[in-house]
Amino acid sequence: MKKIINDPANVVAESLRGLAAAHADVLRVQYDPDVVVRADAPVAGKVAVISGGGSGHEPLHGGFVGPGMLAAAVPGAVFTSPTPDAVQAAVTATTGDAGALLIVKNYTGDVLNFETAAELAAAEGLEVRSVVIDDDVAVKDSTYTAGRRGVGGTVLLEKITGAAAERGDSLDAVTALAEKVIGQVRSIGVALTAPTVPHAGTPSFDLGDGEIEFGIGIHGEPGRERIPLEPADALVARLVEAVVSDLPFSSGDRVLLFTNSMGATPLVELYLAHGIAERLLAERGIVVERRLVGPYITSLEMQGMSLTLLKLDDELTELWDAPVNTAALRWGL
């Protein structure tokens, strides 16, 4: 294993110290339990949008803390759900009279621990709602989930609900908007290589030189099938078909296309794939109105990519375009 680390047990804590040093203008870090919060939290009169999950998916979630997006993010150990007390600490640090919305990816540990934290926060007199995102079309159930997994759509959900909270929407309105996004977003991914969790020291799974895992999860969970490596045109067509046919998306739909690197895929390959996806969607009459390309929800150093499609309307487009100021997303300032 070759990684730029010291003790594998301290990877997350040391990474958080670096995050805090690099982005003190928008966030701060509380330790023991570890929580990333907006530098100006709590923000009076505004809903606190809070998310989190295992580390190793950076910039998700800490890189999305700041004005226009998350009020707080709760990092667990690598590929491990954060504890209820850490989630509760995030709620306590950021939540005022407007309440809080917890965005939870559909993994069993995340769902249980965020649910427990919401109950603890409610006992403190705080109003807390939760939504669970399950946008992965690859599989219905997996080792980590009951139902579909939460993957790339999480980034889009956090941005849109964060923008709604920033403009002063009520907790009811932000929650309803979150449910709307969850109903209109779909994703699928593919892996060319496996990630190596620092404390494990070996790849999470084995792939032959000529094999890929189609429908991979962000923790290295199995996908739909293991298939021979194929040219980009064929591979991206396979990804597009899986996503478009699921909702389904149809001619005339306006969409946001998110082409994501799983960590090790270089931008030269990612933009190549994005261009193919745009062409294939245009051939179907699907109108790509907004785009995001880059490593925004990763799986350590996994080589691979994912595609996410969100069906847009005027409101969702306005909220996507709204100003955001975080470590990983900044525009409209």
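At 34% relative accessibility, aspartate 321 counts as partly exposed, a label that covers the range between buried (under 20% relative accessible area) and exposed (over 50%), computed with a 1.4 Å probe on protein chains only. This is a predicted model, so local features need pLDDT of at least 70 and side-chain atom pairs count only at pLDDT 80 or more, while totals for chains, interfaces and linings use all residues. Residues are numbered from 1 along each chain as its sequence is written, and side-chain values use heavy atoms, with hydrogens and water left out.

Back to aspartate 321: its salt-bridge partner is arginine 290, and the closest N and O atoms are 2.7 Å apart. Aspartate 321 sits in helix α8 (residues 314-321) and arginine 290 in strand β11 (residues 287-294), so the pair ties together parts that are 31 residues apart in sequence. Helices (H or I, at least four residues) and strands (E, at least two) are DSSP runs, numbered from the N terminus. Arginine 290 is partly exposed too, at 25% relative accessibility. A salt bridge here is a side-chain nitrogen of Lys or Arg within 4 Å of a carboxyl oxygen of Asp or Glu, and a search of the whole structure turns up 26 of them.

Another such pair is glutamate 225 with arginine 238, where the closest N and O atoms are 3.6 Å apart. This one links distant parts of the chain, with glutamate 225 in strand β9 (residues 225-228) and arginine 238 in helix α6 (residues 232-244), 13 residues apart. Both ends are partly exposed: glutamate 225 has a relative accessible area of 36%, and arginine 238 comes in at 29%. Aspartate 40 and arginine 38 also form a salt bridge, with 2.8 Å between the closest N and O atoms. Here aspartate 40 is partly exposed at 41%, whereas arginine 38 is buried at 7%. Salt bridges also join up into a network made of Arg167, Asp169, Lys180, Asp313 and Glu315.

On the domain level, the protein splits into domain 1 (11-168) and domain 2 (185-324 + 327-331), with bounds from an automatic or database domain assignment. Their C-alpha centres lie 22 Å apart. Counting contact as heavy atoms within 4.5 Å, 40 residues of domain 1 meet 44 residues of domain 2. About 3,400 Å² is buried between the two, and carbon and sulfur atoms give 67% of that; buried area is the accessible area (1.4 Å probe) that two parts lose on being put together, summed over both.

Three salt bridges cross the interface of domain 1 and domain 2. Arginine 148 and aspartate 246 form a salt bridge, their closest N and O atoms being 2.7 Å apart. On the side of domain 1 that touches domain 2, α1 (11-22) and α4 (153-166) each supply at least two residues, and the largest share, seven residues, comes from α4.

Finally, serine 299 lies in the loop between β11 and β12 (304-311). With a relative accessible area of 0%, serine 299 is buried. A polar atom of the serine 299 side chain lies 2.7 Å from the backbone oxygen of isoleucine 218. Leaving out residues up to four places away in sequence, serine 299 touches Gly56, His57, Phe79, Pro195, Ile218, His219, Gly220 and Met262. A polar contact, as used above, is a pair of N or O atoms within 3.5 Å; within protein, one must be able to donate a hydrogen and the other to accept it, and residues adjacent in sequence count only if both atoms are side-chain atoms.
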